[in-house]
Amino acid sequence: MPQRNTALVRASFSAMAASFDLLTIVGVAVAIETTYYSIFYGWSGLSATNLQMCLFAAASFVVANAMRNEYSFANYLQLRGHGWRSFSLWSLVCLCAIAVGFLTKATEETSRAAFVLVYAVGFFAIYAQRATLAHFVRSSAAAGGVSARRLFLVGFEKDVEAFTYRYKPWTCGMHVVAAVVLRETESTLDDDLALAAASARMLRPDDVFILAPWSRTDVIDACVTAFLRVPARIHLGPERVLDRFVDAHIDKVGAISSLSLSGHPLNLMEVAGKRIFDVAVSLLALILLSPLLLVCALLIKLDSPGPALFLQRRYGFNRETFRIVKFRTMTTMDDGRHIKQATANDSRVTRVGRFMRRYNIDELPQLFNVLRGDMSLVGPRPHALAHDQLFERRIALYARRHNVKPGITGWAQVNGLRGEIDSPEKIRMRIEHDLYYIDNWSLIFDVWIIFLTIFSRKAYRNAI
């Protein structure tokens, strides 16, 4: 009965998620077309032809998502990936709608401006609706209201306890229906597994997790043999080393199977999309901010002797060095093996420099680094070489920051993690936020971080 109820809940959720997408697209299209034509033409633009194109786009989007299992309950346990998948499919659907409209001559009755508005607003509406639904699913799963998967655990006592304590599966939409503990003696292993397999057949879980050290190949082989008769997915429980890698998975190259621990953070299409976004935004920003940049350079020259710009070596992508460009805010221009960090009320900071650092204005010349390709608009903030080398020796995962381009701003900075690093906790928190950004990157995430950089109070906290 629990199995039937779970299946019913999952099917109902999938239907609901698909309906939300359908209603969102149709609602946005109808609202925009009606409003647009009423304002500019004085009549409603919701003709039968436009309504048919709208329904075609909505139905195509929902059907395509259903075919790739996008509406499964487990997909909504996290928001990661929804933005890029929705954007790519929505763009393809809109292109198909244009092609169909052209072939059927339906585009003659459609305003191009209204169509662009539907395309842009439609995507953000879809993403916002999915973000809301994902938040509801995570909250419901954490409270134990709905389970995405029903788990059956089998293994040695210490491994079962470690698994439940470390991962707390009930907080991420998983329900442990039973946990069978194996005795350490070999003579009892067959009896324990026979009992465990019989229990699993009655409980009918979705997944069976074998929790034993990977070095115990005899136990793992016996467990696999016993549970092959159970209609459930069999998983080899994670070793502790896998906690360090978000995208660890089984990979196959020709006839060779391997456990792939990590790969490129971004694929080729994502790298291209991020680069196009960086170039377009940085170029526009330089044009709009050019008067401010000239005024800042003049104020620096009038305030203290020395150049207006400050260049310092930093590590970029793949630990390749480049010279970062900033407005000079201090009386010194250190770039050697020993660099003293800026501290609160640092006497080396100039009067104009203190104001610029307070509002992040000194970072604006890095837009030239973005255009050159040394940096991105968003990414882990690069440190001076001396500090970078020190942190890399002390923190195991610090070097992962170099797997992407450094950024003018980043997820750590908009969460107030900036300024002097005077404790291990501060650098640890900063690295955790940088790695979270790398593992959860999307263009929407970049736009959100840029927005927070400008408008969030946290982004200006701890300025020195």
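**Cavities and a helix pair**

The lining of the largest cavity has ten nonpolar, two polar and one charged residues. This is a predicted model, in which local features need pLDDT of at least 70 and side-chain atom pairs pLDDT 80 or more, while totals for chains, interfaces and linings use all residues. Residues are numbered from 1 along each chain, and side-chain values use heavy atoms, without hydrogens and water.

Q: Which element gives the largest share of the lining of the largest cavity?
A: A cavity is a set of points on a 1 Å grid over the protein atoms alone where a 1.4 Å probe fits but cannot get out, and lining residues have an atom within 4 Å of a point. Helices are DSSP runs (H or I, at least four residues), numbered from the N terminus. Helix 1 (2-41), helix 2, helix 3 and helix 4 (112-142) each give two or more residues to this lining. The largest share, four residues, comes from helix 2.

Q: How many charged residues line the second largest cavity?
A: Among the residues lining this cavity are Asp388, Arg401 and Lys405. Asp, Glu, Lys and Arg count as charged; Ala, Val, Leu, Ile, Met, Phe, Trp, Tyr, Cys and Pro as nonpolar; the others, Gly among them, as polar. Beside six nonpolar and two polar residues, the charged ones number four.

Q: Is helix 2 oblique or roughly parallel to helix 3?
A: Helix 2 (residues 48-67) and helix 3 (residues 82-103) pack at about 140 degrees. Angles under 35 degrees count as roughly parallel, over 145 as roughly antiparallel, 65 to 115 as roughly perpendicular and the rest as oblique. Helix 2 is therefore, relative to helix 3, oblique.

How values were computed: Axes fitted to C-alpha atoms, helices over the stretch in contact; angles between N-to-C directions. 1 Å grid on protein atoms, 1.4 Å probe; cavity = no way out; pocket = protein on both sides within 12 Å on 5 of 7 lines; lining within 4 Å.
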